[in-house]
Amino acid sequence: MENQNRNTQIESAPTDFFAYLRSNVDKKHWDLWFKSLELLEILTDKNLVVLQTANLFVKDWILTRYGKVLSSAVKSFFGPAFSFELRDALLTDEPENGEVKSTPTRFTGKKPLEICSLNNQYTFEDFIAGGGNLLAFQSAKSVSAAPGRYNPLFIFGDVGLGKTHLLQAIGHEVRSQFPEKKVMYLSSEQFMNELVQSIKQDRIEQFRNKYRHSIDILLIDDIQFLIGKMGIQNELFHTFNLLFDANKQIAFCSDRTPKDLGTFHERLISRFQMGLVVELNAPDIETRKRIIEKISKREKITMSPSVVSYLAHAIKDNIRKVYGTIVKLIMMNQLQGKSIDIHTLKEVLEEDRAALSGADAQIIRLSERERYFSIVEKAFGFTKADLTSDSRKKEVSEARKVAIYVAHKQMRIPVLELSKWFEKTHSTVHYAIAKTQENYDKRCASTIKLVDSLKLELSRMRSSVQA
């Protein structure tokens, strides 16, 4: 009788189990990472609950961030002696030892052919196009309408402008228009981690089969993080070739152009450039207003035209930060009863500025010129006085040329302005830019190292300001 009651409890536990999980998981995390979670089987003889999710990346992400929550839920609803095993569908879909596996019971939704998770808000419908982002938007739409025609697509731009949004929007649109196609979206870091793991576990052939033969659309975010990872680049190169030859669509996002990917294999850079390369720029003021209005509508709040205009002018080059500011406005309204007006908006913006502390905050408060010299000093160890001096020491001279080059190429500082920054003649500045570009194109190791170091430091600083 006791065993019968116990079995009845176990049979009724799954619904409560998933309800408990959902209540202990952030809503955005649940929608993005848990929607493919399934209960495969309950092995009472082993006190084991077997779960399955979409793929290895989702599995690793869930175990890393919610492993303890999963364990607690299993013990609460199946018994204190129970443990769990989380599998990924791409490894468990294959029959083992000739046995056909039963279809798992699904307790959360899973779309047909879905082998990765996409953010439901990152669609073309939710992307406000205009001004500097219009070309990238139209390019992404064209790619999703005819997969394989514009191959590859390479979108580059600064932090927080919507590169990830557009990349995932391609995935959503392809799934909608071509439901038979298998879409894989992931970051370059995830690609690298899965490759390394597959090598450690002697599963490299499964990895290659997955990425070279089992998908139709490959979308890789933040490709710049593979700079210096030669072995990973080599695997990506061969994967790219097989997909390209099979007319499978490939798309990448990066914070820099293909030619600025530093130590990337030249053969990969040439392949990035053989397709559609588009820059994602900041939206213009009217587009930013429309973005703010759409976000406020989605979050079900009312923002007056004056508040919308003030916010659109206050944050010009980071849509992610615009959204974060609106979220803080909502929280101050709900928790503190403050009105969503310009006074509260100014308070939020001031708190954001005050939250920046330490050396980075000090750098941010400086003028653009002083800030840049501080970044260069962190990257190279040379001070502003060193770089503006007449010193012809090889180390100082090389650092000066690279600093001028990066300021011109990455920050779009005009030559006339740079001559004032570095206290040099126009011809000296022109020479520094041309010489550094020449060395970079020749793949000069010392130049590439300096350029990459300064770009990464500049990118890190921008991220700390815009996060």
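Author: Buried means under 20% relative accessible area, exposed over 50%, and partly exposed in between, with a 1.4 Å probe and protein chains only. This is a predicted model, in which local features need pLDDT of at least 70, side-chain atom pairs count only at pLDDT 80 or more, and totals for chains, interfaces and linings use all residues. Residues are numbered from 1 along each chain as its sequence is written, and side-chain values use heavy atoms, with hydrogens and water left out.

Reader: What percentage of the residues in the chain is buried?

Author: Of the 467 residues, 48% are buried.

Reader: How many helices and strands are in the chain?

Author: Helices (H or I, at least four residues) and strands (E, at least two) are DSSP runs, numbered from the N terminus. The chain has 21 helices and 8 strands.

Reader: Which way do the side chains of a strand point?

Author: In a regular strand they alternate between the two faces of the sheet. From β2, Leu-48, Val-50 and Gln-52 point one way, while Val-49, Leu-51 and Thr-53 point the other way; all are buried.

Reader: Which strands pair with β2?

Author: Two strands pair if DSSP finds at least two bridges between them. Strand β1 (residues 38–43) runs antiparallel to β2, joined by 5 bridges, with Glu-38 partnered by Gln-52. Strand β3 (residues 83–88) pairs with β2 in the parallel sense over 6 bridges, and Thr-53 has Asp-88 as its bridge partner.
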